[in-house]
Each structure stands twice: as structure tokens, then as C-alpha cells.
Amino acid sequence: MATVKITDDTFENDVLQADGPVLVDFWAEWCGPCKQIAPALEQISDELAGQVVIAKLNIEDSPMTPGRYGVRGIPTMMLFKGGQMAAMKVGAMPKQKILEWLNEAGVAA
């Protein structure tokens, strides 16, 4: 399962009302570190299909949601469970670190 593109309009339905955990990657086209972590997120999306949904929200196209959640720098990754933000990481990190973070947050890797 590939990453899912979400917007301000779909955030409520795709993230807050999701059945399982959703990792939201706040990113922008011009952001180098965002592009660095994109392949890792695609791999994680495939490896953990059914356990977590990896969603990408472009802050340029959808500025309301990042503002609501206080996103100040990108990439910012937020893990949502049951409609609530459960964990947050700011900045690029290698795939293994993302997996460790998800594991610490209760998403089995």
C-alpha cells in the first residue's frame, strides 16, 4: 500500500476518523529533507500495511491543518490514534529511526 495523499478537506475523514493509526507527513515540494524521507515512508507504508497508514499533507496546498496543529518546521511527522495526536517528530530521520519511533508509540514494527 502506497502513501495516501491528504488535504485540509480530507484530513477529518482520512486521519481523525480512521480505524487505525495514521502517520501524517507534513511536507512541501521545495523541502530537501522532506524528499529525503519520502522513499523511507513509502517502504514503511508497504512493510506495515494494515498496521499504520502513511499519509502525506502538502503544507503549501493545505495550510489550515498544519496551522491547527502548530507545525513550525518540515518535515514534521505526527502519529494519530483514535482521532488524537499520539506522537510527533520534527526533522528528517533514517528509516530505522522512524520505525523505532513508531514502535515506541505502540505501532508494531
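Guide: Val53 has a relative accessibility of 28%, so Val53 counts as partly exposed; buried means under 20% relative accessible area, exposed means over 50%, and partly exposed is in between, using a 1.4 Å probe and protein chains only. The model is predicted, so local features need pLDDT of at least 70 and side-chain atom pairs count only at pLDDT 80 or more, while totals for chains, interfaces and linings use all residues. Residues are numbered from 1 along each chain as its sequence is written, and side-chain values use heavy atoms, with hydrogens and water left out.

Val53 is found in strand S3. Helices (H or I, at least four residues) and strands (E, at least two) are DSSP runs, numbered from the N terminus. Between Val53 and Asp19 there are 34 places in sequence, and their C-alpha atoms are 9.9 Å apart in space.

Strand S3 covers residues 53-58, and Asn58 also belongs to it. Asn58 is buried, at a relative accessible area of 10%. A polar atom of the Asn58 side chain lies 2.8 Å from the backbone nitrogen of Glu60. With neighbours within four places in sequence set aside, Asn58 is in contact with Ile6, Trp27, Ala28 and Glu29; contact means heavy atoms within 4.5 Å.

Thr3 sits in the segment before strand S1 (4-6). Its relative accessible area is 18%, so Thr3 is buried. Once its neighbours within four places in sequence are left aside, Thr3 is in contact with Leu41, Glu42, Ser45, Ile54 and Lys56. The side chains of Thr3 and Glu42 are joined by a polar contact of 2.7 Å. A polar contact is a pair of N or O atoms within 3.5 Å; within protein, one must be able to donate a hydrogen and the other to accept it, and residues adjacent in sequence count only if both atoms are side-chain atoms.

Next comes a pair of helices. Two packed helices are described by the angle between their axes and the distance between the axes. Helix H2 (residues 32-47) and helix H4 (residues 95-104) have axes that come within 9 Å and cross at roughly 45 degrees. That makes H2 oblique to H4. Axes are lines fitted to C-alpha atoms, for helices over the stretch in contact, and angles run from 0 to 180 degrees between N-to-C directions. Angles under 35 degrees count as roughly parallel, over 145 as roughly antiparallel, 65 to 115 as roughly perpendicular, and the rest as oblique.

In H2, the residues Ala40, Leu41, Gln43, Ile44 and Glu47 meet Lys95, Ile98, Leu99 and Leu102 of H4. Sorted by class, this contact of H2 with H4 has six nonpolar, one polar and two charged residues. Ala, Val, Leu, Ile, Met, Phe, Trp, Tyr, Cys and Pro count as nonpolar, Asp, Glu, Lys and Arg as charged, and the others, Gly among them, as polar.

The loop between strand S5 (84-90) and H4 holds Ala92. Ala92 is partly exposed, with 39% relative accessible area. Leaving aside its neighbours within four places in sequence, Ala92 is in contact with Pro33, Gln36, Ile37 and Pro75.

A cis peptide bond, with omega about 0 degrees, joins Ile74 and Pro75. Val71 also lies in the loop between H3 and S4, and Val71 is buried, at 14% relative accessible area. Not counting residues up to four places away in sequence, Val71 touches Phe26, Pro66, Thr76 and Met78.

Helix H3 itself spans residues 64-68 and includes Arg68. With 53% relative accessibility, Arg68 counts as exposed. Arg68 and Lys56 are twelve residues apart in sequence, and their C-alpha atoms are 16 Å apart in space.
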